Amino acid sequence: MAKKTLTPEEKQALMTMRERMGGISDAKKEHQRQLVAARKGIRKLLAEKPATVPQIAAALQLPTDQTLWHLTGMRKYGFVTEAGEDGDYLLYALVQSEEATAAGH
Amino acid sequence: MTTSTQDKTSYRPDAIIVGAGIAGMQSALDLADQGLQVLLVERQSSIGGHMIALAKVFPTLDCASCITAPKMSASAHHENIRIMVNTEVRGIRTVRGTHFVKLFKKATYVNFDKCIGCRLCEYACDSEYPDPFEEGLGAKRAIAVPFTNAIPQKAVLDPELCTTCGSCARVCPTDAIEFDQQSEEVEMETDAVIVASGYALNSLSVKPQYHALQSKNIISALTMERLLAPHGPYGRVLRPSDGKVPSSVAFVLCAGSRDASIGVPYCSRVCCMYSIKMAMLLSGALPIADITIYYMDIRAFGKGYEQFYQNAKAMGINFVRGKVARIDPIEDGDLSLHVETTEDAENILQERRHDLVVLAQGMVPEWNPSIGTPVAVASDGFVATPMLTAPTSTTANGIFVAGVAAGPKDIVDTIAEAGAAAMQVSQYLHQKRGAAAVEYAQDPVLVG
């Protein structure tokens with residue numbers, strides 16, 4: 001998607017909004033750091049082969065519930081898809097498409 | 001539909017409806033079809049209320065969104081209905097029969113007149129959080145259209161989640177992002193109000209002996225609705241703790257109502273039926289799973305409900321009469337239920353294991369209108385309806401109530417009551433305006 005440059009007015013409005021919010025909190029920064037790290041790890045792992053939630057959680061040392069949450073978000077925005085089952089668990093695989101790239105980060 | 005705040009000074013609706021769930025929408029449509037101007041006020045970013053998030057309805061097992069979405073669409077496109085989302089009612093003052101409704105319109109940081117709902121801003125956003133529409137199971141970005149079939153289909157930016165990176169504004173094709181937008185308070189004048197503010201479920205932790213906060217696999221009924229919904233967070237039923245396909249699911253009834261010790265002595269009325277409905281849907285989604293409903297007594301009160309209950313039993317769903325005293329999380333995310341049954345005299349106290357437990361929590365009022373409005377609430381917190389012969393009348397003249405705001409009830413009764421409230425408003429306005437016209441005609445000063 002084509003990205004525009006923010007106008008000086010938009011930049012000023014963004015700064016004003018940030019000031020009104022009292023800046024970006026440490027908790028928000030930490031959440032974002034963990035989000036980016038987890039998603040990167042999951043994509044790297046799934047690039048090799050499909051995996052289940054417990055397998056991904058064990059490999060990345062993430063709690064299983066958070067791993068499922070990350071996969072749910074990645075599935076919603078088109079990064080991962082279901083790829084069969086392994087026992088009682090679903091296998092998740094990486095999606096490689098322009099749409100997924102466009103929708104993701 | 002309009003969602004803008006343009007010409008708000010000249011706009012004077014005949015009625016304002018607080019809450020755009022199924023009750024509010026039904027009342028709005030009934031009034032608007034009579035030619036009355038209606039303002040529908042909703043605190044969330046989309047109309048539709050709880051019902052748009054449900055999987056199916058009992059006892060017909062019709063798709064819930066197939067019933068709700070047309071009502072949402074009809075409300076949005078009706079020429080006599082205006083909708084204000086992201087707006088809270090902060091108070092109502094009544095002066096000589098006219099209600100002045102104080103509305104707080106939260107900033108969305110998106111110009112709804114410009115937004116075309118393309119979601120490019122959402123795709124560009126890099127900040128994700130648990131999605132409240134999916135009961136926290138799904139992910140939502142800091143700027144997003146609330147959900148797939150939301151109305152209006154407009155993006156809303158949540159400043160609590162935004163990292164102010166500006167990516168959304170860089171990709172918006174219509175320059176709809178307004179970082180300097182501010183929340184505003186407006187006062188709207190009207191002749192009649194319908195309170196249709198609905199319900200909330202009480203907290204999962206209201207009964208500490210169930211240890212719901214210690215296990216991701218003890219979930220609320222609304223969470224199970226999302227798991228069963230076709231567009232739910234996982235697209236199928238999985239355990240939230242680890243994504244396992246559950247093989248043994250328990251429903252615990254009266255887990256937040258009919259219990260004076262937690263301040264909810266009344267029956268929430270619909271838990272028996274929605275639990276049976278979800279158990280039937282689960283048996284379709286998970287054919288080999290064991291499904292058990294722990295109940296005190298089944299209240300199948302409506303038309304076709306008893307047959308629905310009997311059908312569930314015939315489908316193989318286990319009904320255990322008794323009370324779950326305690327739930328303990330055990331190994332592998334499973335749960336141990338300590339049950340006192342009334343069915344086996346030699347084995348009254350039992351321990352049973354399941355890998356997913358749904359608590360049928362109590363219904364409590366979503367909004368307390370006794371703060372800031374002339375509407376009184378009853379001892380249970382729901383809107384007081386003192387006239388037995390007019391169940392949609394409140395303690396305030398010209399203010400009516402519909403749906404669960406007046407007490408727990410199912411969707412069928414809610415829709416019927418919403419229609420009744422609309423008719424009462426219509427009748428009230430007719431009498432009020434007829435009386436005003438007579439007053440005017442008889443006023444010697446005005447007549448001269």
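Chain B is divided into domain 1 (15-106 + 183-198 + 366-435) and domain 2 (203-362), with bounds that come from an automatic or database domain assignment. The C-alpha centres of these two domains of chain B lie 31 Å apart. This is a predicted model, in which local features need pLDDT of at least 70, side-chain atom pairs count only at pLDDT 80 or more, and totals for chains, interfaces and linings use all residues. Residues are numbered from 1 along each chain as its sequence is written, while chains are lettered from A and ligands numbered from 1 in the order in which they are written.

**Where the domains meet**
- Domain 1 of chain B brings eleven residues to the contact and domain 2 of chain B brings 18; two residues are in contact if their C-beta atoms, placed from the backbone, lie within 7 Å.
- On the side of domain 1 of chain B that touches domain 2 of chain B, seven residues are nonpolar, none polar and four charged. Here Ala, Val, Leu, Ile, Met, Phe, Trp, Tyr, Cys and Pro count as nonpolar, Asp, Glu, Lys and Arg as charged, and the others, Gly among them, as polar.

**Chain B as a whole**
- You will find nine helices and 23 strands in chain B, taken as DSSP runs (helices H or I, at least four residues; strands E, at least two) and numbered from the N terminus.
- Of the 448 residues in chain B, 50% are buried, that is, they have 20 or more other C-beta atoms within 10 Å of their own C-beta, placed from the backbone.

**The core between the domains**
- The largest nonpolar core has 138 residues, and I194(B) and L253(B) have the most contacts inside it. Such a core is a set of buried Ala, Val, Leu, Ile, Met, Phe, Trp, Tyr and Cys residues joined through C-beta atoms within 7 Å.
- Helix α6 (residues 271-285) of chain B gives the most to this core, with ten residues.
- Both domain 1 and domain 2 of chain B give residues to this core, so it lies between them.
- Leaving aside neighbours within four places in sequence, L253(B) touches residues including C271(B), C272(B) and S275(B).

**A closer look at α6(B)**
- Twelve of the 15 residues of α6(B) are buried, so this helix is largely enclosed by the rest of the structure.
- Among the buried residues of α6(B) are C271(B), K277(B) and L282(B).
- The packing partners of the buried α6(B) residues are β3 (56-57), α5 (221-228), β16 (248-252), β17 (290-295) and α7 (305-314) of chain B.
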